[in-house]
Amino acid sequence: MKNTLVVNDIKEEEEKFHKAVEILRKGGLVVFPTETVYGLGANAFDDEAVKRIFIVKERPPDNPLIVHIYSINDLTSVAEEIHPLALELFTRFSPGPLTIILKKSKNISNFVTSGLETVAIRIPSHPVARLILKESKLPIAAPSANLSGRPSPTTFEMALKEMDGKVDAIINGGMCEVGLESTVIKIEENSLKILRPGIISEEMIKETLPPHMRIEYVSNKNKIESPGLKYTHYKPEADVFLCEASEIESVSKQFDNETTGYIVYKGKTGENVRNVVRVSSLEEYAKRLYSIFYEFEKNNLKRIIAEKVEEKGIGKAIMNRLKKASGNKKIYIP
Ligand code: TXA
Ligand code: MG
């Protein structure tokens, strides 16, 4: 167990905040908020610091990390041969939840990229993440701040629960606005590959593409292209099942008990069914998904039944996480 420095409020505890940035500069590990999820950060130039991320997260060494930078001007310190389309996409969507795979610069630790020739780059928009990047003047390698395989923390409480005692500092930035990890893309000659869907959707990206470029999704089967895809992800301790909106009501009558929780969007539940969380938009579904998992887990629920959504726009990212969290299990209705 480590003595973790906890920064509750970066304005009221300014000195502690500067100390956390100093820790990062000296090779320590700092958990910080981004607009998507909390990240577990280390100096992306420092082999030893980056190695510790993998140990703390119990992350397989062949699953590379995302490098966070402050602005487009910093791209040349982390990547080479920057594709004009990458510049265009960063200009349009950054700072924000878009990650682009580029050719790696030599300075970036090989541990960040798991030995690949490419590096994943993102320019986050969360003000705390931006302040850390600006003050430290470093590119920061940061995966989500969860133990490997578990849902990403989207609140300070979740980040503390996952990482207190394991890292050097944790910074509070409130609840993450987006709630799902960034969209990860790779640009090829005639196509743009979406390695991980996020709230920057296919539809949004398409508007920026020249007409000859196709958009493709890389499925779990293509293990080489996006190393992260082959591992189980986003899985809370409770068993997650997916359910159509139209079936929620009958299912909820059948499984109304202390150990079952519901996430409902358009469907109805039976009257007075326990443990129901309603979301009223896809944005809210995305933002709250992992924190609902966390609250249900805290209340010792053993089964979570989540309403499916249409796989369009943000719905594509929500369903991607729900399918992985559930192993695509559907609830059985006799
Ligand atoms: O929103 C996010 O992206 C958050 C915050 C903290 O920025 N980070 C995050 O990192 O979700 P992580 O490590 O949980 O997911 C990184 C994903 C993995 O699926 C990994 O395989 C992929 O990015 N990735 C990283 N480098 C890659 C590369 N060179 N080629 C292909 N995929 C890569
Ligand atoms: Mg992750």
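Predicted model: local features only at pLDDT ≥ 70, side-chain atom pairs only at ≥ 80, totals over all residues.
**Stop one: the whole chain.** Show the C-alpha trace first. Its atoms fill a box of roughly 60 × 55 × 30 Å along the principal axes. The radius of gyration is 20 Å, which agrees with the value near 20 Å that a compact globule of 334 residues would have. Switch to cartoon and you'll be looking at 10 helices and 16 strands. Buried residues account for 57% of the 334 in the chain. Take the contacts between residues at least 6 apart in sequence: 66% of them join residues at least 24 apart.

**Stop two: ligand 1 and its shell.** Now select ligand 1 and the 26 residues around it; Thr36, Arg59, Asn63, His68 and Ser182 come nearest. Colour the shell by class and you get 12 nonpolar, 9 polar and 5 charged residues. Next, pick out β4 (66-68), β7 (118-122) and β11 (191-196), each of which supplies at least two shell residues. The largest share, 4 residues, comes from β7.

Zoom in on the side chains. Arg59 has a side-chain N or O atom 2.8 Å from an oxygen of ligand 1. At Ser144, the corresponding distance to a ligand oxygen is 3.0 Å. Over at Thr118, a side-chain N or O atom sits 3.0 Å from a nitrogen of the ligand.

Technical notes
Residues numbered from 1 in each chain as written. Chains lettered and ligands numbered in written order. Heavy atoms only, no water. Near = heavy atom within 4 Å. Polar contact = N/O pair within 3.5 Å; in protein donor to acceptor, adjacent residues only side chain to side chain. Nonpolar A, V, L, I, M, F, W, Y, C, P; charged D, E, K, R; others polar. Rg over C-alpha atoms; globule rule 2.2 N^0.38 Å. Buried < 20%, exposed > 50% of the residue type's maximum accessible area, 1.4 Å probe, protein only. Contact = heavy atoms within 4.5 Å.
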